[in-house]
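Thanks for coming, everyone. I'll start with a question once they are up.

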Amino acid sequence: MSSNQDLIGIIQAKLSSGETASSCHEASLMQGWVRASRILALVEHENEWALFIFISSRMPPEVFTDLAIERVIPVDSDFKCEIDAGEQSGDVYVNISSRKLKLLFEMIPGIKTNNFVSEIMRSMEALMKLRGPPPEFQWLHKYSGSTSNRNSADCDPAPVDAADVDVTKGAKTVAEKMLDIDSPDIVVPRQSIAQGATPIAARESVIRYQMSMKEDDYTFTETLRVFIGTWNVNGLPPNASLSPWLASDMEPPDLYAVGFQELDLSKEAFLFNDTPREEEWRKAVIAGLHPAAKYRQVALVRLVGMMLILLVQEKHEKHVRNVAWETVGTGIMGKMGNKGGVGIRVEIHNTSICFVNSHLAAHVEEFERRNQDYHDICSRLSFSKFVPTKCIKDHDQVYWLGDLNYRITEMEPRIVRDLISHNSLSALLECDQLNRQRQHKNVFDGYREGPITFKPTYKYDPGTDDWDSSEKNRAPAWCDRILWRGDGMEQKEYRSHPILRTSDHKPVSALFESQIRVIDVVKYRKVHEEVMKKLDKLENEFLPQVTVDNTEIIFDIVRFLEPQSQELIIANTGQVPVDFEFIKKLDDSKYCKEWLNIDPAASSIKPGEKCDVKLELFVDKKSASKLNSGEDKLYDILVLHLDGGKDIFITVTGNYERSCFGSSLEALVHISVPVREIPIGKLVELENVREAPGGMEPYPIPKEIWFLVDHLYRHGLKKQNLFLLTGLHSELIAIRNWLDNGSSEPLPGSLYSIAEALLLLLESTAEPIVPFNLHSVCLGAATNYLQCKQIIMQLPEFRRNVFLYLCFFLQELLSHANENGLDAKTLATVFGAIFLRDPPRVSARGRVNPAVMDRKKASFVYHFLVNDLSDYVMSKSLHLSGTS
Amino acid sequence: MASSRGGAAQRPNNQSQGKICQFKLVLLGESAVGKSSLVLRFVKGQFHEYQESTIGAAFLTQTVCLEDTTVKFEIWDTAGQERYHSLAPMYYRGAQAAIIVYDITNMDSFGRAKVWVKELQRQASPNIVIALAGNKADLANSRAVECDEAQAYADENGLLFMETSAKTAKNVNEIFLAIAKKLPKNEQVSGAGSTNQGRRLVESEGNTKAAGNCCSK
Ligand SMILES: Nc1nc2c(ncn2[C@@H]2O[C@H](COP(=O)(O)OP(=O)(O)OP(=O)(O)O)[C@@H](O)[C@H]2O)c(=O)[nH]1
Ligand SMILES: [Mg+2]
């Protein structure tokens, strides 16, 4: 929220005094084939609203000079805002249009977008509610050049002239990147993409937008003859044929929209909206249609006495789609249906048309109420079956007919009649309220009306052509009118039909030749396919692309505890930033084997840049045993995934040199020579079958353990902090080599290194000395020496041997506690963790408190460090003082 | 009070264009049979005599316009080399269509194609649309797999079948078009694919996997 406040502040600084930015939002503008960041702001000035579109030299902008005004669109009666809500996809598309200008914005779904769009909607509603002349938007003149000029219908508002406003440098380059939608080839907007613009994806809204921009390429126009009729029938039933009204032209119209007012003045009609007149007049209309063509009724809508019926020639029926109708009552209490309007909307081919029949407030002096009724109908008549709902103004063409009830004022009825009888209509028309109100733009702004050449249609003595002779002696008036708005509409006739004398009004009709856009299906397909092709090409072109310098990473000889690394260079050779990531294969838990480390395993690379990825291969105590037993190999296929794009496989291989580290105790006791002298096959066999090669008598404990312990026994009993201080890595390697290869030299390395090597040897086995299946039993028995003892006695022979051998040695160490400073608790803790290494599952579950577990392990081992072990049956060779 | 409304709520279809249905399509088959070449021909209209072997899974999109719908393929072109075989499920799980390619001049590749068919029938989504492509049809002189034999095999297994040539473009568009036509275009399927392009196939496997498992147990 606060960041939005900051943004409003920056925008406000860009505006003149009296202008208030009430709401703002970041959005992506679809420009041809790319989208680019924009900042939108709704700006208010004395109850007039406008949408400002800014380009910013950086996102988000930090000071007002970062912003340049690209366009200013007044929220006037031409302004439209539609949300494309028809897709499940993540983004929200908002269409902003005004006359010929159509802009498509992509916004991130969420509360901010909702708020912003509802602010726009609110400003549009405010406009609808506005009474009196429509806003002039004087205050926008200073932004001219960026204003979408509302009066010049055919002029597409031009982008800002750079000289007009202080376009900062950065903003200018973005503006220059505006792509021509019809450019034959895709310009590679490398720079604009680097600046945050991204190619647009083939989403339905985008395609709809692209198609609407190319409408001229696949549509042609067809002329439709549209007959509009209106008649206030004064509550009377039909008593004569309507053909003098409906069939007065030579050629049959393609479409009829016939409206009635005061169809029924009865209480029943008013209260229950029910009347037999509906059917009577409907039949009369159908009977009176032009005889030279066949018609089908498309829709009929009625509210009390207002009825509108729409018919088309049979041949057009299949091209009429999305028919809807609505009613609005503006009568008593502003709601009742004695006054108001009814509307029908249709799409014929590719053109949307709305017909409105209204009966506005009566009485000579009430012209302002009539204006208000008009505005109410405009704001309340919405076809709600559409998402978002469509209003009258959301149609390409609108016909508005009805008893609008405007009178001739400031003139004596006598003079009016006199002028009419002398056929001086022009003087009268000047006094016509509707004409005056329209001149002041108080009503029907944007609508046109043809010249009136017929006599006023009200008020006659029914059954005659005589002016009202009642004592009210009403002045004649042009109550019954037909107006229209939209492009490609031409009125051919506008007349009254005095010969129909049923009512105190005369019927009026108008004939139009209206241009309907028809889709050429073949061309449409072609254009659609071209759009799709272009989008495909774009999408493929802007897929993330990288090359890697090597897909086969080969590590030569890999030895235990000796890390090796190689570099993989990932180069972004595409046009968009790449997010890469090494991903897991289907059933794996990690994206690489445990002996491999990838750094970084995920990152971003800008176009033209590279990323060095370090692959470090390191066989340690965790991975060695599986490599020794052949359960695992130094072989892995890495899947390098590019977000939104392809995957690349990278194979990693290495040659592992087996070691006593990682070998099982059972295998080692069967080997009398250094491990390296045994063929690999034999080693694997030993690990898996555990039989003595050539029937050799197995050692009671692995000779490697004996070498290490024996050395410590001879030289290290008095050494301080043995097993507590770590050794040197290089010495560990030397010790490993000495053990694996055999040597006549003395064991290398410091006592600390040798002690650590011993621990490492015990930690590298697949299973600890106390097998995993006894782990929890041991922890349970930890406080009870007897039970612990029993468990140890039941261990497999070699394990028991190693366990006791080491405990003997540790007791020996403790007997020199005075010199070496060691104590039983400390050693029990160190060796508890080693003898009772956690099974992999337990640590993963993490249910048991690890500190408690460690204490139990220590107390288990502790028993064997402080109790006399001499009653354990031990083979002689286990004596610590033996020689090799 | 008095107010009537036209018709039931519905979404206007203001253009005659249909909706876009998005599908994942995977290409499988032995190395060098021409998978990448078929995709290259279909998407870019090109053919390379020296097409590099794919090491990974290439991703491209291409749209096919049908009468009433537009089908957008998200194409995953997999690596045919045997050592990458174990990675293939990452790409065919969650795919709604597959093209299994063999080389008509290479009998072994046809055998390998059959193995792929079996694997898909067992492991992939049960409604996956599978097409068999006998590629390199331009090399009919050195033909090793008879067209009739492959056709019979395809019929038995309910596969679409065409002999194609990435080199001459024969039947390349046609096989993709045939798949597009055969794919179900109801909301559900298209909805699954209408999010971000190029996302990992594995993530959308959920249903498919479960369905595959229940028949084997
Ligand atoms: N004559 C002929 N050669 C083809 C045809 N299609 C592919 N080739 C050639 O066959 C070789 C292998 O084609 P690729 O498209 O790389 O094969 P692949 O199936 O993608 O192979 P991997 O990526 O290793 O799985 C290339 O040299 C192509 O030029 C074809 O229709 N006719
Ligand atoms: Mg390939």
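Where is the place of N721(A) in chain A? It is in the loop between helix 18 (703-715) and helix 19 (729-741). Helices here are DSSP runs of H or I with at least four residues, strands are runs of E with at least two, and both are numbered from the N terminus.

Before going further, the ground rules. This is a predicted model, where local features need pLDDT of at least 70, side-chain atom pairs count only at pLDDT 80 or more, and totals for chains, interfaces and linings use all residues. Residues are numbered from 1 along each chain as its sequence is written, chains are lettered from A and ligands numbered from 1 in the order in which they are written, and side-chain values use heavy atoms, with hydrogens and water left out.

N721(A) has phi near 60°, a positive value in a residue other than glycine. Its relative accessibility is 32%, so N721(A) counts as partly exposed. Buried means under 20% relative accessible area, exposed means over 50%, and partly exposed is in between, with a 1.4 Å probe and protein chains only.

F723(A) sits in the loop between helix 18 and helix 19 of chain A. Its phi is near 70°, again positive without being glycine. F723(A) is buried, at 7% relative accessibility.

Why point these out? Most residues other than glycine have a negative phi, and most peptide bonds are trans.

On peptide bonds, chain A has two to look at. From Y458(A) to K459(A) the bond is cis, with omega near 5°. K459(A) is in the loop between helix 13 (433-439) and strand 19 (480-486). From D599(A) to P600(A) the bond is also cis, with omega near -5°. P600(A) is in the loop between strand 26 (596-599) and strand 27 (602-605).

Now chain A overall. It has 27 helices and 30 strands. Of its 884 residues, 54% are buried. Take contacts with a separation of 6 or more, a contact being heavy atoms within 4.5 Å. In chain A, residues 24 or more positions apart account for 70% of these. Chain A exposes about 37,900 Å², and carbon and sulfur atoms supply 50% of that. Those areas come from the Shrake-Rupley method with a 1.4 Å probe; for residues, only the protein chains shown count as cover.

Two distances for scale. V709(A), in helix 18, is buried at 0% relative accessible area. H375(A) is in helix 10 (residues 367-380), and is buried at 12%. Its C-alpha is 33 Å from that of P109(A), 266 residues apart along the chain.

Next, chain B. It has seven helices and six strands. Along the sequence they run β-α-β-β-α-β-α-β-α-β-α-α-α. Of its 217 residues, 52% count as buried. Residues 24 or more positions apart give 75% of the chain B contacts with a separation of 6 or more. The accessible surface is about 9,600 Å², 48% of it from carbon and sulfur atoms.

What coordinates the magnesium ion (ligand 2)? S36(B), through OG, and T54(B), through OG1, at 2.0 Å. S36(B) lies in helix 1 (residues 35-44) and T54(B) in the loop between helix 1 and strand 2 (56-65), so the pair ties together parts of chain B that are 18 residues apart in sequence. S36(B) is buried at 12% relative accessible area, and T54(B) is buried at 15%. A caution: donors are N, O and S atoms within 2.8 Å of the metal (3.2 Å for Na, K and Ca), and water is not among the atoms, so sites may look incomplete.

Last, the second largest pocket. Its volume is about 920 Å³. It is lined by 32 residues, with Q545(A), K646(A), Q51(B), E52(B) and A58(B) nearest its centre. A pocket, on a 1 Å grid over the protein atoms alone, is an open set of points where a 1.4 Å probe fits, with protein on both sides within 12 Å along at least five of seven lines; lining residues have an atom within 4 Å of a point. Points are joined across faces, edges and corners, and the volume is the space filled by probe spheres set on them.

Which element gives the largest share of the lining? Strand 2 of chain B, with five residues. The lining divides into 13 nonpolar, 13 polar and six charged residues. Here Ala, Val, Leu, Ile, Met, Phe, Trp, Tyr, Cys and Pro count as nonpolar, Asp, Glu, Lys and Arg as charged, and the others, Gly among them, as polar.
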